[in-house]
Amino acid sequence: MLTISNLSVTFTQYDQGLRRKQLTVITDLDLTVQPGEVVAVVGASGSGKSLLAHAILGILPDNAQVSGTMEFHGERLTPKRCKALRGKDIALIPQSIGYLDPLMTVGRQVQRVGQLNGLSAPAARRLRDRTFTRYDLPPTASRHYPFQLSGGMARRVLVSTAVMTQAHLLIADEPTPGLHPDVVTETLNHLRELAQEGRGVILITHDIEAALQVADRVAVFYAGTTVEIADVQDFAGGNLRHPYTQALWRSLPQNDFVPVPGNQPSPENLPRGCLYGDRCSWVTEACREARPPSQFIRQGWVRCIHAER
Amino acid sequence: MLNGEGLWFRYGAKLPWVVRDRTLSIAPGEVIGLMAPSGHGKTTLGKLLAGYLTPTQGQITLDDQLLPSQGYCPVQLVFQNPELSVNPRWRIDQILREGYVPRPHYLKALGIHPGWMTRYPHELSGGELQRVAIARILNPNTRYLIADEMTAMLDANTQALIWQVVLDFARDHNMGLMVISHDKSLLGQLCQGQVIPC
């Protein structure tokens, strides 16, 4: 349904006076999403997760140059097409209630999504009431303003906004941090249900455990590139291919809790070779020469020339 | 020893009690975990212990003295979201020096880039800013640290990295730690079984 290949995003910034500098924030990024599938995008902050969502929705700022291809239902996503599709065929489940209008009751806001998608006002209201019932929101919730909702209720309202559309692709941006484990499980189950209805879901998160609970496949981002796309079973099954993914798995508190020292490279001076080269224990001269291409190894995609060992 | 004796707290005279009759203590060098569902007053308890709020009844003492009301507080609190604990109009370098000049060794261990110093808080990501908030409290004046979901918004590798630095510091300086978290396995790693339900 969605195919992204070799996506790169570069920002042009004015440095001093008229001198400009280029910041490459996404480099050679690949991702595919099939109908009925939950794909988790996992990575540290600054690895380009949210920018990917912005690129798919066509809401990158004007100083961004995009190269590579994005296809949705077999057709290229041009800025014009993005604009026509967003909120209708591609919908975002935002991170927090900060994305809602603070001066409008949530009932009216959710109803408005239906009307923008072509429903009449009474039909949109009925669909909203059905959606709220489906997510166990009390009828009084409609009359609340966003700030009056608890964390768990706010999540259910945000999911409702996306369910009001007929969107084939849903992008959920960091839906879980700081929530109680029960609410996390509930939110993730909602995403799973939406996939079972035949929609494609992209779950953007820094939380591997949440990703493993619900996703079919996991794309691991590092410094703006996809280092690995693995099946969920590969994590516990010890079938991980990239040294960064392995390190991330080991650093979980229920595993070894041992971190890899260092930082992601800064977008101002990316290395010529592998982006993980300076922190990798497998690094060789060849890694520093050129960026590793994406290879299909043991049923998964990986950008590492040593992944077969 | 940091002691909370018979603590009661509510946000208004007619509102329900958020903290009811709690007594707890943290010894120097000790790591205690605190785990409970949302709405059970974990964050409020943290704020009471760090002197952000005054208990309605009961008192907080540090080595049998009340917490100082001026100057650097020996009990420091780090929240989940760093955006609200830094001055948005200060540059990073000034924020880091607010209480004490941090040792370069800790800046390096936390992965704080020298290039960040001239930036403003909104020019760093949440994870980067959280490292700054933590670097700021790693100094000998801090005797107790209350970590309220301190690493909930960070990826697993950064979380492990930050805890390694904080635990090393706690060991070297005999700092007491209270870790508030939803993450059972994280508390298991940090507290060696000393987890109290709230």
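This is a predicted model: local features need pLDDT of at least 70, side-chain atom pairs count only at pLDDT 80 or more; totals for chains, interfaces and linings use all residues.
Of the 309 residues of chain A, 44% count as buried. Buried here means that 20 or more other C-beta atoms lie within 10 Å of the residue's own; with 12 or fewer it is exposed, in between partly exposed, and the C-beta atoms are placed from the backbone. Residues are numbered from 1 along each chain as its sequence is written, while chains are lettered from A and ligands numbered from 1 in the order in which they are written.

Now the fold of chain A. There are ten helices and twelve strands; these are DSSP runs numbered from the N terminus, helices being H or I of at least four residues and strands E of at least two. The radius of gyration of chain A is 20 Å, close to the 19 Å from the globule rule for 309 residues, so chain A is as compact as a globular protein of that length. That radius is taken over C-alpha atoms, and the rule is 2.2 Å times the number of residues to the power 0.38.

Next, the domains. Chain A is assigned domain 1 (2-89 + 168-302) and domain 2 (101-166), with bounds from an automatic or database domain assignment. Their centres, taken over C-alpha atoms, are separated by 30 Å. Where do they touch? Eight residues of domain 1 of chain A are in contact with eight residues of domain 2 of chain A, contact meaning C-beta atoms, placed from the backbone, within 7 Å. On the domain 1 side, helix α6 (residues 181-196) of chain A gives the largest share, three residues.

Then the core. The largest nonpolar core has 144 residues, and those with the most contacts inside it include A:L170 and B:V179. Such a core is a set of buried Ala, Val, Leu, Ile, Met, Phe, Trp, Tyr and Cys residues joined through C-beta atoms within 7 Å. Helix α5(B) gives the most to this core, nine residues. Leaving out residues up to four places away in sequence, A:L170 touches A:A91, A:I93, A:A162, A:L194, A:R199 and A:V201.

Last, the two chains. How many residues of chain B are in contact with chain A? The count is 26, against 25 residues of chain A. On the chain B side, α5(B) supplies the largest share, six residues.

Conventions. Two residues are in contact if their C-beta atoms, placed from the backbone, lie within 7 Å.
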